[in-house]
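Please open the structure in your viewer and keep the selection tool at hand.

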Amino acid sequence: MAHEPTDFFRRSPAWSRRTLLGAGLAAGTLPLLGGPVEAADPGPQWVTPAGAIPDLIDPSAELSLPLPGDMIGRSPRVKAADLRKLAPTGRSSEPGDGRTLAATAALPFQFRYDDFEIRELPVELRPYYRSTPMPLVDTGTHDAQGVRMILTGGKLHDFPVGQAQYGLALLESHRLTGTLEYLNRAIKQAQRLADRRVLRDGAWFFPHGFDYMLHATYDLFRPPWYSMMAQGQALSLFTRLYEVTGNSSWRTAADATFASFLLPPVAGKPWGVHVQDGLLWLDEYPHPLQVRGDRTYNGHMFSAYGLWDYWILTRDSNAKLLLQGALTTARDAYAAIRTRGWRSQYCLLHGKDSNLYHATHSIQHAQLFAITGDEYFARIADLFYSDFPPHSVRANVRLTAGTHTGYRFSSTGTVLASRTLKLSRASSAPCVERQKIRNRTGIWYLINAGSFSGYHVLETRGARYAVGSNAAMAYLMPRVATVVPASLTAYTIDPNGMMTSVVTDHHAGEPVSYDMRAVLNGVEHLRLASGPYAGRWVGFSALKQG
């Protein structure tokens with residue numbers, strides 16, 4: 001291993017700056033609290049959901065925080081012409097489909113891969129898309145040069161994943177605003193990655209220079225250690241910098257980073273790509289001294305995004321084969337990652353509860369659906385959604401007249417306390433979570449004010465439900481379906497939960513498309529994506545999906 005000189009790149013210009021939505025209820029209800037739900041957005045909340053078990057991934061102990069839960073519901077505005085180009089072909093692969101790639105000198109791995117279509121995407125559908133720019137005032141951990149760092153052991157250390165992620169967010173902010181300072185800061189992140197590169201057979205690797213305890217529980221990684229998540233996100237950053245600036249140095253950096261995906265694992269050297277059970281893994285946590293990978297699911301997919309970016313730029317055949325292998329792994333390994341009726345596992349080596357990364361898995365499969373047009377990825381997203389729906393729901397819960405019981409549960413679902421109220425008329429209370437409880441059936445609302453404060457109440461159709469549209473999951477692209485009932489009724493809903501309906505001219509067996517699922521007044525619906533009723537909702541069972 002060797003370090004290259006640090007003056008490879010033209011230095012970027014210096015920069016000096018350092019550094020719930022509540023739904024109202026219809027008139028005539030009796031609130032259990034003194035006022036409406038706060039409308040201010042509190043930002044990402046890294047709070048362990050109720051019903052958690054001890055063997056739970058702590059986001060603060062991982063290389064990267066999970067994606068904010070509300071990203072699962074992002075519904076980008078894409079030009080109709082672009083969506084028509086990306087219309088699903090109707091192909092839906094199955095685990096085990098495809099062929100086995102024989103190892104070659106250029107690609108020294110033997111792995112299963114399906115011949116997925118790889119699509120160019122409009123900017124709104126690309127990985128790492130942002131709809132709003134980052135603040136120019138940087139409140140994250142950074143050094144005097146404005147480069148993203150991590151504080152551990154009382155000392156600042158370079159942080160390859162953080163630098164790549166911050167650089168990508170800055171590039172998106174530059175795209176949105178045209179502000180040069182965003183671009184200069186993105187270049188600073190990329191420059192630091194390049195300055196610290198370590199070589200193996202000409203390939204660039206980005207070392208972590210601090211001690212790291214895997215999942216805060218297992219192996220202690222002594223520096224230097226490496227991560228294919230950092231490699232993949234750096235590959236995305238270099239590729240996109242080249243596209244934005246036209247500076248060939250960034251293309252050279254992308255080429256050298258891609259070369260790290262072409263090297264077989266060797267104990268004690270930088271590595272991160274390996275094959276297990278015929279599946280190609282881009283490992284977020286390859287062991288620094290052994291050929292043993294953690295097989296972290298979300299990190300594998302983030303790394304694969306880098307291969308997508310690089311293929312879009314270069315049309316390199318090896319990049320496509322590796323990406324198709326990584327996609328095959330995401331599809332074929334999901335059943336082992338999945339926990340039926342609960343949150344998915346974080347990695348295959350340790351099988352720990354993924355906690356907040358569960359929503360990230362759903363978001364990533366929606367992204368893979370956009371990249372490939374393959375319906376199977378959208379179906380996986382659906383399964384993860386049904387196993388443990390988006391839980392960061394802040395809304396008013398309507399309680400109809402009658403008897404209601406709230407419960408306090410232990411982490412295993414044992415009832416610790418209960419409280420029963422008999423209401424003479426409809427009432428409301430705010431919730432901060434809509435979630436499953438371990439070893440309990442149904443969906444539960446965690447109330448945070450009023451007589452049921454600190455208690456969970458069971459979602460019950462028509463009796464106890466979050467008002468308005470909640471727990472949305474967008475598919476990024478429309479999916480195809482057929483109408484089930486003889487006539488199809490479509491709905492709109494306002495923030496107060498008032499629904500209006502129209503009988504459409506769609507009939508049984510007719511094809512339609514939809515692009516989102518959500519819970520409207522406690523009942524699951526799908527949103528029509530095209531035609532005269534686009535944007536309206538239909539009952540979940542009114543369409544036959546896929």
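Is R112 buried, partly exposed or exposed? With a relative accessible area of 27%, R112 is partly exposed (buried is under 20% relative accessible area, exposed over 50%, partly exposed in between; 1.4 Å probe, protein chains only). The model is predicted: local features need pLDDT of at least 70, side-chain atom pairs count only at pLDDT 80 or more, and totals for chains, interfaces and linings use all residues. Residues are numbered from 1 along each chain as its sequence is written, and side-chain values use heavy atoms, with hydrogens and water left out.

D332 belongs to helix α7 (residues 317–337) and R112 to strand β4 (residues 111–113), 220 residues apart. Helices (H or I, at least four residues) and strands (E, at least two) are DSSP runs, numbered from the N terminus. D332 counts as buried, at 15% relative accessibility.

Next, select R251 and D255, whose side chains meet in a salt bridge of 2.9 Å, N to O. Both lie in helix α5 (residues 248–258), four residues apart, and are thus separated by about one helical turn.

Then select D382 and R517, a salt bridge of 2.8 Å, N to O. D382 lies in helix α9 (residues 375–387) and R517 in strand β23 (residues 511–520), so the pair ties together parts 135 residues apart in sequence. Both D382 and R517 are buried.

Notes. Salt bridge = Lys/Arg side-chain N within 4 Å of Asp/Glu carboxyl O.
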